[in-house]
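I opened the model to look up a few local features. My notes follow in the order in which I took them.

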Amino acid sequence: MRPGSAHACEPALLIVASQREDRRALFDALDGHDFSALYTARSVDQAHALLAERPAIDLVVIDFIGEARESVAFCLQLQGMEAYAQVPIIGLLAADSTQRAWGYSRRPPGVVEWLHSPVDAGEAWARVRVQLGQDDAGTVAPAQEAALGDYRFAFDGSEDELIISDAQSGQILEVNATFEQRSGLLGAQVRGRPALALLGSEHPDAVQVRQLLERHGQCRAMCRRVRSDGGSDRVEAVTRLAVRGGLLVQVITLCDRRAVEASRRLMALLGRLHDSGEGDAGVAEATRMLADGMHLDYVAMYAAVGPGEAQPRLIAQQLRGETPADAPDPLREPALRLVLDGETIVADGDLAELSRNDGFVRAMGFATFIGLPLVDDRHNVLGALLVGTRQRWSEAVRGLRHDALNAAAARFGFELALRRAREQGRATGLLDALTGLPNRLLFSDRLETTLREARRTGETFAVLFIDLDRFKAINDSLGHAVGDKVLKVVADRLNSAVRTSDTVARYAGDEFTVILRHVAQRDDVLRIADKIVRLLDQPLALDDASELRITASVGLSFYPDDASTAERLLKHADVAMYNAKSEGRNNVQAYVSTDRDSNRQRAALEARLHLAERNGELRVFYQPQVDTASEDIVGMEALVRWDHPELGMISPGFFIPLAEESGLIVSLGQWVLRHACKDTQRWRQRYGLPLRVGVNLSALQLQQRELPGWVSEALRESGLEPAALELEITESMSLKSMPLVVDNLHALRDLGCSVAIDDFGTGQASLDYLRHLPADRIKIDQSFVRNIGTDPDDEAIVRATIHMAHSLHREVVAEGVEEESHLAFLREHQCDVLQGFLFCRPLSAVAFNTMLAERRRMLGEVEGGLLGATA
Ligand code: C2E
Ligand code: CA
Ligand code: CA
């Protein structure tokens, strides 16, 4: 029995429907049955008022008509309430698809079933029963006691072929739509005929079915069901006796084993498609899988015409069987053009017209040809997927194959979108101008890709951090030209020391990073690192015939032994590099964990932190964010502080990691969220300003299924409108490993909140990630902003990030704006919003309030002054 439920035999139901007809129809459909209570509500607000009384509820029916944001939010809120978290929800959809504004590809949490408006009483009752566990299936069993009329929807909607025959005479009474479709025989043609005739009465299979039926009254056997065209299909027949309207009937279910098998195979295929890596090799592999898995004679993926290109580009192609010598190039035929124009071609019945127009389809003799545009998330056509086969697809597998191809097209579309973003990025600064090596952004992207692959394949790899010893001295004493030359030589030497599958990058100034893939033994890596140190140590000839000696310190860390995230791998390699420096430079050190000694201290502090919330030691500070153009306040970031009784104000940089490790971050984060929403709503009301508040979420919070429920609860409790809340997430989280994160982000955006990617550019920036995340804004990390005016590389990264973000229609916030020169640069490059000490430090809630009051007073004076002048 579920928590909150009324009574085992008399459940209670809540109906939330905005349209009177629906409410009425649902109520009438269910009223005659045994419910302990049938609550109806006109609106979500009314439903909340009802639930405030805490009645027991076993099932909710709620409509999702139009934008349905409130309904989605309601589902989330239910999930957040202990008593109702487990209550199943049936969603009611508009029959007219044009009224579906809401994203139907995602089911709101808790929704287990759908109904359509206008409500069909029989259907509603049947679905409600199934959800209440009073019935185990919606298909055959109902025929046992009720007239088929009420169950027509289930009967016709079944994926299996169903036949109902008179148990005594064996004559067919009814067949369902699936039967008609697959056999080509209409109900009118077969009604009254013996059911076994359809299974080829004289065939040994049918004889066996008859014997089994006579002996046991039911059976399960393989047989051949005839088709209208004289052929037959191999199916599995399951028959059961049932009583219908006082008559004993046989319910015969024919299930196409091949269809079941095919669907299983297709599902497996789709799973594999998504795992087939990136790049041309990945695409080639995916097309090969598609051709093999779906028995296709032709699969081709094209990229649409890109900037500076004359025609679409063939990326991968699979051809099976004979290709006639005179088959023209699809590039010159109309089908591909149509698809690249955004049209979908599905020709799997009559290909006469398509063959007439398209020479390639004609020459290949396809019986089925499908062309799907490959699009990005804004529906720009980036390419085309063409497939063809000389076989005709049977009815049983056709729908499934279309679905599978659509899924494949989504996968290829994503690949193309990623390539586009990369190409744009490359043109705007992903390569280091001096050495031609990947810069920090591109390196991070590679590292993230490597990690992802390694997680899948179990590969071991190493990250090297290489720092030139005393490079600054060279630069200062010999000049920048020499410094540049040294960096270029180092880049060449590093490249020569590694394999092509490895990555060498210029991380910053005189720091280089390397990813060494496919490590068999640690010793191999140490050997390569030693080789690097020796290579760099070779004398370097300068233009004036003098020689220069440069040395480097190298630190390294291993995946997965030392860390499992990009951030920590780099950090550890960096720590090891400093060890190498302190060992006298010009050597290699591997990372050695030294965590143990400080463990006890941390444990003590962690124990204290557990009490901080209850003891009222937590505070939320707010740092203003300003519009770049007007410099007026547009919002603020909520930053938590721990007011420790003995240690004073402790920075989150210190205790957040502790809270994350112990899982405490979840409740701490909830606390911050609730306070931030309340404070913000108060200020919005008091000062009439459309302030938006950014709240930081840690990775662990994002992995909680209840997160959207908590957020909507905090919004409801404070009265803050969802659009005024922005959740900041760091890009250091790997998404593939947490599909829930993406679901959660979608759910948060469905609520109406926005999402910002925090600390962008620090180590884990992966372009893939950026595209993947449903984000509204990007916050450029302070480490780049700080170097504006001093480090041209970091300036290039800031520029590239703004450019890239804008091309993906994301807004950009710069953090850590400390100086006028930062402001000037960011303004010139059209960064949207700024945050930093130049404008204001984080303030306590009291100080923040004072600041807003002060602002109002000053503005009032200005306005008053102006008015006075004109009057
Ligand atoms: P963050 O999200 O990147 O927050 C911005 C940090 O930069 C804040 O540090 C802020 O005080 C600081 N900052 C702002 N402007 C400047 C500037 O011009 N120069 C310099 N040098 N620093 C500036 P803070 O408050 O110490 O927070 C540190 C980190 O702790 C945050 O980084 C965030 O990752 C985490 N954090 C803070 N509050 C929360 C929270 O409620 N939940 C979670 N999960 N993490 C939080
Ligand atoms: Ca932040
Ligand atoms: Ca940040």
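Entry 1, the metal site. The model is predicted, so I treat the site as computed geometry.

Which residue coordinates both the calcium ion (ligand 3) and the calcium ion (ligand 2)? I found that Asp-758 does, and that the two ions are 4.1 Å apart.

Asp-758 counts as buried because its relative accessibility is 5%, and the cut-off for buried is under 20%. Asp-759 counts as partly exposed because its value is 25%.

I moved to H26, which covers residues 739-751 and has 13 residues. From first C-alpha to last, H26 reaches 19 Å, close to the 18 Å expected at 1.5 Å a residue.

Which residues of H26 are buried? I noted Val-741, Val-742, Asn-744, Leu-745, Ala-747, Leu-748, Asp-750 and Leu-751. For the spacing in that list I kept one rule in mind: an α-helix has 3.6 residues a turn, so residues three or four places apart point the same way.

I next looked up what the buried residues of H26 pack against. The partners include three helices, H3 (69-80), H24 (699-702) and H25 (707-718). The strands E27 (725-730) and E28 (754-760) are also packed against by these buried residues. After H26 comes Gly-752, with a positive phi near 110 degrees.

I turned to E23, residues 618-627, and found it mostly covered, with 8 of its 10 residues buried.

How many bridges pair E23 with strand E24 (residues 633-644)? I recorded 9, in the antiparallel sense. The two strands form a hairpin with 5 residues between them. In the turn, Glu-631 has a positive phi of about 60 degrees.

I followed Tyr-622 across to its partners. In E24, Tyr-622 stands opposite Ala-638; in E32, its bridge partner is Leu-843. E32 (residues 843-844) runs antiparallel to E23 and is joined to it by 2 bridges.

Last, I checked strand E31 (residues 833-834), which pairs with E23 in the antiparallel sense over 2 bridges. Here Val-626 stands opposite Leu-834.

Terms used:
Residues numbered from 1 in each chain as written. Chains lettered and ligands numbered in written order. Predicted model: local features only at pLDDT ≥ 70, side-chain atom pairs only at ≥ 80, totals over all residues. Heavy atoms only, no water. Donors = N, O, S within 2.8 Å, 3.2 Å for Na, K, Ca; no water. Buried < 20%, exposed > 50% of the residue type's maximum accessible area, 1.4 Å probe, protein only. Helix = DSSP H or I, 4+ residues; strand = E, 2+ residues; numbered from the N terminus. Expected span 1.5 Å × (residues − 1). Contact = heavy atoms within 4.5 Å. Pairing = 2+ DSSP bridges.
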